[in-house]
Amino acid sequence: MSLHPATVERAALAIYTQFICGGYPVRQVRDGMGRPATDHEGRPILETPAEAAARRWLAAPELTRERFRKEAKAALEAA
């Protein structure tokens with residue numbers, strides 16, 4: 001079965017997101033001036049776990065991403 005590369009990439013990101021879920025801290029969001037963003041009560045605004053996973057996915061080495069792509073492709077073909 002031939003799978004579209006975008007489908008495999010989305011599945012790999014989903015597997016990666018679950019793999020690192022809760023394992024890595026999230027960063028504080030920055031405002032347009034590069035300063036830490038806060039809400040109206042002064043509490044820091046943190047990125048969501050999904051945003052953190054997407055950021056880390058893009059920063060991950062190609063070998064790591066390829067490993068998750070292989071796992072995703074196997075899962076999609078088995079489904």
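This is a predicted model: local features need pLDDT of at least 70, side-chain atom pairs count only at pLDDT 80 or more; totals for chains, interfaces and linings use all residues.
Local features were taken at pLDDT of at least 70 and side-chain atom pairs at pLDDT 80 or more, while totals for chains, interfaces and linings use all residues. Residues are numbered from 1 along each chain as its sequence is written, and side-chain values use heavy atoms, with hydrogens and water left out.

The protein chain contains three helices and zero strands. Helices (H or I, at least four residues) and strands (E, at least two) are DSSP runs, numbered from the N terminus. In order from the N terminus, the elements run α-α-α. The radius of gyration is 16 Å, well over the 12 Å that the globule rule gives for 79 residues, so the protein chain is more spread out than a compact globule. This radius is taken over C-alpha atoms, and the rule is 2.2 Å times the number of residues to the power 0.38. The C-alpha trace spans about 55 × 20 × 20 Å along its principal axes.

Buried residues account for 19% of the 79 residues. Buried means under 20% relative accessible area, exposed over 50%, and partly exposed in between (1.4 Å probe, protein chains only). The accessible surface of the protein chain comes to about 5,800 Å². Carbon and sulfur atoms hold 60% of that surface. Areas come from the Shrake-Rupley method with a 1.4 Å probe; for residues, only the protein chains shown count as cover. Contact means heavy atoms within 4.5 Å. Of the contacts between residues at least 6 apart in sequence, 54% join residues at least 24 apart.

Helix 1 has 16 residues. Its first and last C-alpha atoms lie 22 Å apart, close to the 22 Å expected at 1.5 Å a residue. The expected span is 1.5 Å times one less than the number of residues. Val-8, Ala-11, Ala-12, Tyr-16 and Ile-20 are the buried residues of helix 1. Seen down the axis, they fall within an arc of 160 degrees, so they line one face of helix 1. The arc is that of the directions from the helix axis to the C-beta atoms. Arg-10 and Gln-18 are exposed on the other side of helix 1. Cover for the buried residues of helix 1 includes helix 2 and helix 3.

Helix 2 buries Ala-52, Ala-53 and Trp-57. These buried residues fall within an arc of 135 degrees, so they line one face of helix 2. Leu-58 and Ala-59 are exposed on the other side of helix 2. Helix 1 and helix 3 are among what covers the buried residues of helix 2.

Helix 3 covers residues 62–78, 17 residues in total. Helix 3 reaches 24 Å from its first C-alpha to its last, close to the expected 24 Å. Its buried residues are Arg-65, Phe-68, Arg-69 and Ala-72. They cover an arc of only 110 degrees around the axis, which puts them on the same side of helix 3. On the other side, Leu-63, Lys-70 and Ala-78 are exposed. The cover over the buried residues of helix 3 includes helix 1 (5–20) and helix 2 (49–59).

The largest nonpolar core has nine residues: Val-8, Ala-11, Ala-12, Tyr-16, Ile-20, Ala-53, Trp-57, Phe-68 and Ala-72. Each of helix 1, helix 2 and helix 3 supplies at least two residues of this core. Helix 1 gives the largest share, five residues. A nonpolar core is a set of buried Ala, Val, Leu, Ile, Met, Phe, Trp, Tyr and Cys residues joined through side-chain atoms within 4.5 Å.

Val-8 lies in helix 1 and counts as buried at 10% relative accessibility. Beyond residues up to four places away in sequence, Val-8 touches Leu-3, Arg-69, Ala-72, Lys-73 and Leu-76. Arg-69, in helix 3, counts as buried at 16% relative accessibility. Leaving aside neighbours within four places in sequence, Arg-69 is in contact with Val-8, Glu-9, Ala-12 and Glu-62. Ala-53 touches Leu-13, Tyr-16, Thr-17 and Ile-20, not counting residues up to four places away in sequence. The C-alpha atoms of Val-8 and Ala-53 are separated by 16 Å.

Leu-46 belongs to the loop between helix 1 and helix 2. Its relative accessibility is 49%, and Leu-46 therefore counts as partly exposed.
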